[in-house]
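Me: I am new to this structure and would like to go through it in short questions. Please show it to me before we start.

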Number of protein chains: 2
Amino acid sequence: MHRLTDLVRLLGENHVLTGPAAGPYLEDWRGRYSGRAMAVIRPGSVQELAEAVKWCAKHKVPMVPQGGNTGLCGGATPDDSGEALVISLSRLNAVRQVDIENDTIIVEAGCILQSVQQAARDAGRLFPLSLAAEGSCTIGGNLATNAGGTQVLRYGNTRDLVLGLEVVTPQGEIWNGLRGLRKDNTGYDLRNLYVGSEGTLGFITAACLKLYPLPVAQCTAMLALRSIDDAVGVLSAARQGFAAALTGFELIAANCLQGVVRQYPDQRIPFEGPVIDSPWFALLELSDSESEAHARQRFEEVLGQCIESGLVRDAVIAENVAQSKALWHLRESIPLAEKAFGKSVKHDISIPASRMAEFVETTNAALQARYPGVEHVIFGHLGDGNLHYNVAPGSAFTEAELLLRQPEIHQLVHDRVHALHGSISAEHGVGQLKRDYLPRYKDPVELALMRRIKAALDPDGLMNPGKVL
Amino acid sequence: MHRLTDLVRLLGENHVLTGPAAGPYLEDWRGRYSGRAMAVIRPGSVQELAEAVKWCAKHKVPMVPQGGNTGLCGGATPDDSGEALVISLSRLNAVRQVDIENDTIIVEAGCILQSVQQAARDAGRLFPLSLAAEGSCTIGGNLATNAGGTQVLRYGNTRDLVLGLEVVTPQGEIWNGLRGLRKDNTGYDLRNLYVGSEGTLGFITAACLKLYPLPVAQCTAMLALRSIDDAVGVLSAARQGFAAALTGFELIAANCLQGVVRQYPDQRIPFEGPVIDSPWFALLELSDSESEAHARQRFEEVLGQCIESGLVRDAVIAENVAQSKALWHLRESIPLAEKAFGKSVKHDISIPASRMAEFVETTNAALQARYPGVEHVIFGHLGDGNLHYNVAPGSAFTEAELLLRQPEIHQLVHDRVHALHGSISAEHGVGQLKRDYLPRYKDPVELALMRRIKAALDPDGLMNPGKVL
């Protein structure tokens with residue numbers, strides 16, 4: 001314990017937490033991962049952080065960076081050894097600069113995502129990253145995990161929104177790479193190496209991010225579809241017809257919508273007649289730089305063609321903002337309504353669009369052959385090739401029985417993903433959860449390259465041990 | 001020489017070049033860089049390349065990867081030692097796969113850029129990378145240098161067009177990372193590490209690239225402007241009004257246009273009256289997913305507002321494809337017409353849009369103070385913050401006198417770029433040309449990180465020695 005006196009001297013005793021005060025930092029928000037730590041520290045500046053990291057490097061103390069603690073793979077939770085220092089970046093939460101003419105914003109890692117969005121809006125701009133945890137996750141965590149969300153189709157993953165970074169290395173040096181440039185070819189792309197490295201190569205302390213114009217109008221529609229193949233066909237047509245104005249394309253299996261309206265009786269599926277029994281639905285969003293009227297006219301033209309050609313059974317276009325919100329609310333209620341199906345075995349996967357229908361069909365069949373009666377709970381960002389492919393107990397199992405089979409179900413599904421050239425972690429990262437899966441699915445040459453980079457930048461292995469590699 | 005027998009056995013004697021046959025590979029296309037080599041080899045497959053690299057690794061033979069040999073920084077030319085093997089990837093030129101539904105194409109490194117564009121067009125898609133050398137540069141070289149070009153504003157640099165890579169490491173291992181996924185968060189972003197590393201970390205042998213819908217209509221306009229500040233204002237308005245449909249925004253100084261029409265009397269500046277004497281011109285391109293009529297109407301609306309608000313003095317909108325081509329031809333003739341100004345000292349720089357006017361004004365002034373009478377030849381991709389900022393002899397010097405001052409002019413300009421948080425290499429890379437400038441302008445922490453990565457992946461320093469680092 002005496003070892004902490006240096007840190008208390010550096011940060012003040014209010015920012016070196018032990019005992020019950022440290023508790024909330026040692027468990028993830030869902031309570032799925034927990035660990036122990038020698039302490040939790042909250043540096044108040046990049047310089048303080050760098051000094052603390054130097055201290056850790058000197059004393060060979062493992063470090064676990066933490067943002068909003070909202071990750072889904074245990075990437076910000078320490079192990080059970082109690083030897084690590086959890087380093088929360090929550091106090092590094094300044095918006096350092098908004099450059100309207102350059103369309104950039106410089107924010108510190110501890111900024112809540114919603115605050116970044118708001119700072120952009122206050123400047124008349126859009127920061128497009130948007131995801132369920134935006135009210136509590138930090139931009140540092142989004143950067144560390146290369147978070148996805150609902151706007152990827154148009155604006156890309158977090159990675160694609162970053163122009164520059166400030167980083168504290170595992171040795172406690174500060175790299176100022178906060179460039180606000182669209183073009184810079186003066187050496188290796190360290191920025192992208194740090195983005196998505198889940199705190200295993202150092203601390204991202206600030207970032208220069210891209211801003212975009214706010215859309216003038218948005219239009220939302222829900223489509224009733226016969227098959228995933230048809231959904232992929234509509235996606236192609238929508239990309240052609242709307243180009244970059246297509247900002248959302250979500251796929252939803254019928255039973256997910258039914259689960260939502262069962263769970264939340266104030267919501268309803270906006271179709272009537274036989275199409276309400278369609279096996280698949282899609283949610284489309286168009287963002288227009290012109291006008292409401294233009295957005296709606298384009299929507300009607302392109303979707304009209306899709307109905308005529310038989311790709312779409314029926315389409316409901318939101319008449320106003322309230323209706324549009326109701327459609328999105330249906331989609332966003334799925335993760336909550338999922339409990340109606342019982343605790344499921346979850347997968348966050350991506351597949352090339354051209355293989356998506358094949359993936360769902362063959363994987364569903366393989367699961368039914370091995371576990372007759374399990375229920376498939378499938379929805380996700382089809383526009384990015386990203387599905388949340390979940391397996392619920394159905395009539396086959398109790399929750400406990402299903403949970404016992406989780407490892408083999410993961411393997412069955414991930415093996416299918418791998419066979420179709422997909423990814424076993426599309427947007428949530430690796431963390432602790434999927435670390436041991438990587439050797440089965442990653443090219444050994446790629447894994448060896450990752451290990452060499454890790455060893456080069458963090459030779460003592462102090463950064464976020466047990467995560468990713 | 002006996003050392004080459006292994007390679008001849010592996011590749012056949014037609015593909016191990018020495019003497020005069022090797023000549024064209026030992027000098028860059030402009031004749032600015034030349035070197036010597038033990039031989040030039042042209043492997044016919046990735047496996048052959050991997051075997052040749054293993055041989056080099058075993059015998060500690062330095063390797064210089066080469067694509068179309070059209071680079072501007074000497075990155076593909078060997079040094080004078082004669083010890084290196086130049087390895088041309090020109091025979092790895094297959095289009096391996098076009099996946100229309102997934103909007104991806106897999107091509108080998110030796111494919112000429114124009115062939116990639118054509119293969120995409122044949123599939124009804126756009127591969128947007130476009131630059132002056134597209135008829136002879138290879139996609140491997142574009143990837144190695146993270147090439148820019150004229151479509152960056154909308155589609156990003158080469159980096160942004162890549163989903164997956166195949167790489168041969170300096171040890172001769174083959175990494176198959178040819179993923180066609182928009183989302184993949186399963187570890188470090190090795191893809192972006194290789195893109196832009198200029199052959200110093202290994203060989204990019206193939207890539208999975210993004211395809212886009214072909215625009216339905218394009219509209220081009222030339223604007224007459226009072227100042228760079230006004231140009232930045234128009235850029236802001238155009239981003240707001242056109243969003244992602246804005247695919248080009250080039251800035252041109254008046255003397256560049258005058259140089260073109262002097263050199264090529266069949267071309268003309270499309271303005272009349274006093275505005276023809278405007279100090280700056282801009283070339284805008286709008287790509288529409290709807291119709292010619294819609295593109296034109298939007299163009300007229302947004303540019304009309306810019307004229308009303310006084311940002312734009314006058315605008316000429318191309319009435320048809322021929323006029324549009326004529327406007328672009330003016331822009332594309334500038335590099336050729338530059339000789340009319342005498343051999344100039346060139347800079348490929350980027351600056352945040354908000355500092356662009358300040359950069360040009362203060363740098364011009366500093367140059368005039370030190371070298372009264374030099375001529376400023378300035379044009380470039382303002383939409384990306386990228387200028388080609390060139391200094392011609394003017395009335396101050398002969399070409400030879402100016403050339404003597406090249407190092408100090410470079411330093412003066414690059415110091416200004418650095419002071420305004422810009423980059424001294426926006427789209428051409430580092431190669432040999434700017435290697436020795438990096439220590440002056442790069443954060444030492446960043447340079448040290450780059451060196452550690454280089455040492456980790458290429459511990460014997462065999463890959464493209466003398467380039468970048």
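Me: Do the copies meet through the same surface or through different surfaces?
Reply: This is a predicted model, and what follows is computed from it. Of the interface residues of chain A, 100% are also interface residues in chain B. The copies therefore meet through the same surface.

Me: By what turn and shift can chain A be laid on chain B, and what relation is that?
Reply: Two copies of a chain are related by a rotation about an axis and a shift along it. Here the turn is 180° and the shift along the axis is 0.0 Å, with an RMSD of 0.1 Å. That is the relation of a two-fold axis.

Me: How many residues of each chain are in contact, and what area is buried between chain A and chain B?
Reply: In chain A, 89 residues are in contact with 89 residues of chain B. Carbon and sulfur atoms give 50% of the buried area. The area buried between the two chains is about 7200 Å².

Me: Which three residues supply more than any other three of the area that chain A buries against chain B?
Reply: The share of these three is 15% of the area that chain A buries against chain B. They are K183(A), N185(A) and Y188(A).

Me: Which residue forms a salt bridge with K183(A)?
Reply: Between chain A and chain B the count is 12 salt bridges. In the one with K183(A), the closest N and O atoms are 2.8 Å apart. The partner is E427(B).

Me: Which element of chain A gives the most to the side that touches chain B?
Reply: Across the interface, 53 residue pairs are in polar contact. Several elements of chain A each supply at least two residues of the side that touches chain B, among them α5, β9, α7 and α9. The element that gives the most, with nine residues, is α16(A).

Me: Where do the residues of the salt bridge between D189(A) and R159(B) lie, and are they buried or exposed?
Reply: The side chains of D189(A) and R159(B) meet at 3.0 Å, N to O. The pair crosses between chains, with D189(A) in the loop between β9 and α6 of chain A and R159(B) in the loop between α5 and β8 of chain B. Both D189(A) and R159(B) are buried.

Me: Which element of chain A holds R239(A), the partner of D103(B) in a salt bridge?
Reply: D103(B) and R239(A) are 3.1 Å apart, N to O, and each of the two is buried.

Me: Which residues are linked with R179(A) in a network of salt bridges?
Reply: Over all chains, the structure holds 50 salt bridges. In the network with R179(A), the linked residues are D184(A), K442(B) and E446(B).

Technical notes:
Residues numbered from 1 in each chain as written. Chains lettered and ligands numbered in written order. Predicted model: local features only at pLDDT ≥ 70, side-chain atom pairs only at ≥ 80, totals over all residues. Heavy atoms only, no water. Least-squares fit on C-alpha atoms with pLDDT ≥ 70 in both. Contact = heavy atoms within 4.5 Å. Buried area = accessible area lost by both parts, 1.4 Å probe. Salt bridge = Lys/Arg side-chain N within 4 Å of Asp/Glu carboxyl O. Polar contact = N/O pair within 3.5 Å; in protein donor to acceptor, adjacent residues only side chain to side chain. Helix = DSSP H or I, 4+ residues; strand = E, 2+ residues; numbered from the N terminus. Buried < 20%, exposed > 50% of the residue type's maximum accessible area, 1.4 Å probe, protein only.
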